[in-house]
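Biologist: Could you walk me through how to read a fold like this one, feature by feature?
Modeller: Gladly; let's bring it up and begin with the strands.

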Amino acid sequence: EGLRSGTCEPSVRDASWPDWQALRAANPECVAWALVEGTGVDYPVCAPSDGDMARYLDIDFWGRQSRLGCPFLDHRSTADGTHALVYGHHLAGMRLMFSELHDCDQQERFDGLGDLVWATPAGGVHTPRPLCALSLDHDDATVQRFAFGEDGELRFWLEGLCGRASARSATWHQDCATARRVVTLCTCSSVLGGQPERTLVLFAQPGEA
């Protein structure tokens, strides 16, 4: 938690945020920063260089053993790719990591989300908007897609997920049509450990229609 940037207002950040040199000196696997406005989600995101995604379930940003873990990128995606999929823990009774997202598949909770501030060393800072949220089984491959063609595949994929979602933006049709990049934050749905359901919150970065 000590790495939190301390504010949920990107407008007050100066051009030096995030300090990638310092972050990468501490952990060379740091590839992004994720902040959801109006929540406590405000953390660096790592990408295991060896592809072992499970590693960050039990170690923190500094490589120390920790039940908090560290948000990490699916090894099949990239931080600046069309779809970045990020995993983070849900810890019952706490507001740490992605815990505040676990029930955002409920429309009322989803409506309370602000934009995602997504920063990467190469891509700069972007603010994708909440698109939809849904609960899926952990092995459901629907959301695990990272390559898209030029013939509207991204739009059709997003429309399919929005059709299954239990919470979505009022403008989701338009948001799917104009999206050029998506960041999905994933966490456990249940307060009980070992359950298969995962809550996924999708944020879409608009482009030209």
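Biologist: How many bridges join strand 9 to strand 10, and do they run parallel or antiparallel?
Modeller: This is a predicted model, and in it strands 9 and 10 run antiparallel, joined by 9 bridges. Strand 10 covers residues 197–206.

Biologist: Which way does strand 4 run relative to strand 9?
Modeller: Strand 4 (residues 83–87) runs parallel to strand 9, with 5 bridges between them. Take Ala-84 as a reference: Val-183 is its bridge partner in strand 9.

Biologist: Why is strand 9 described as largely enclosed?
Modeller: Start with the general idea: in a regular strand the side chains alternate between the two faces of the sheet. Now the case here: strand 9 (residues 179–188) has 8 of its 10 residues buried, so the rest of the structure largely encloses it.

Biologist: Let's turn to the core. Which residues touch the most other members of the largest nonpolar core?
Modeller: They are Leu-131, Leu-134, Leu-158, Leu-200 and Leu-202, out of 38 residues in that core. Helix 3 (residues 153–164) supplies the largest share, 5 residues. There is also a second, separate core of 23 residues, with Val-31, Ala-32, Val-36 and Phe-98 among them.

Biologist: What is Leu-200 in contact with, leaving aside its neighbours within four places in sequence?
Modeller: Its contacts include Leu-85, Leu-134, Leu-136 and Val-143. Thr-184, Leu-185 and Cys-186 are also in contact with Leu-200.

Biologist: And the aromatic rings: how should I read a pair?
Modeller: A pair of aromatic rings is described by the distance of the centres and the angle of the planes. This structure holds 4 aromatic pairs. In one of them, Trp-17 and Trp-33, the ring centres are 6.1 Å apart and the planes stand at 65 degrees, so the pair is edge-to-face.

Biologist: Which parts does the pair of Trp-17 and Trp-33 tie together?
Modeller: Trp-17 lies in the segment before helix 1 (20–26) and Trp-33 in strand 1 (residues 30–36), so the pair links parts 16 residues apart in sequence. Both Trp-17 and Trp-33 are buried.

Biologist: What is the geometry of the pair formed by Phe-61 and Trp-62?
Modeller: That pair is edge-to-face, at 5.6 Å centre to centre and 85 degrees between the planes.

Biologist: Is Phe-61 buried or exposed?
Modeller: Phe-61 is buried, with a relative accessible area of 4%, whereas Trp-62 is partly exposed, at 42%.

Methods:
Residues are numbered from 1 along each chain as its sequence is written. This is a predicted model: local features need pLDDT of at least 70, side-chain atom pairs count only at pLDDT 80 or more; totals for chains, interfaces and linings use all residues. Side-chain values use heavy atoms; hydrogens and water are left out. A nonpolar core is a set of buried Ala, Val, Leu, Ile, Met, Phe, Trp, Tyr and Cys residues joined through side-chain atoms within 4.5 Å. Buried means under 20% relative accessible area, exposed over 50%, partly exposed in between (1.4 Å probe, protein chains only). Helices (H or I, at least four residues) and strands (E, at least two) are DSSP runs, numbered from the N terminus. Contact means heavy atoms within 4.5 Å. Two strands pair if DSSP finds at least two bridges between them. Rings of Phe, Tyr and Trp (its six-membered ring) pair if their centres lie within 6.5 Å; planes under 30 degrees apart count as stacked, over 60 as edge-to-face and the rest as tilted.
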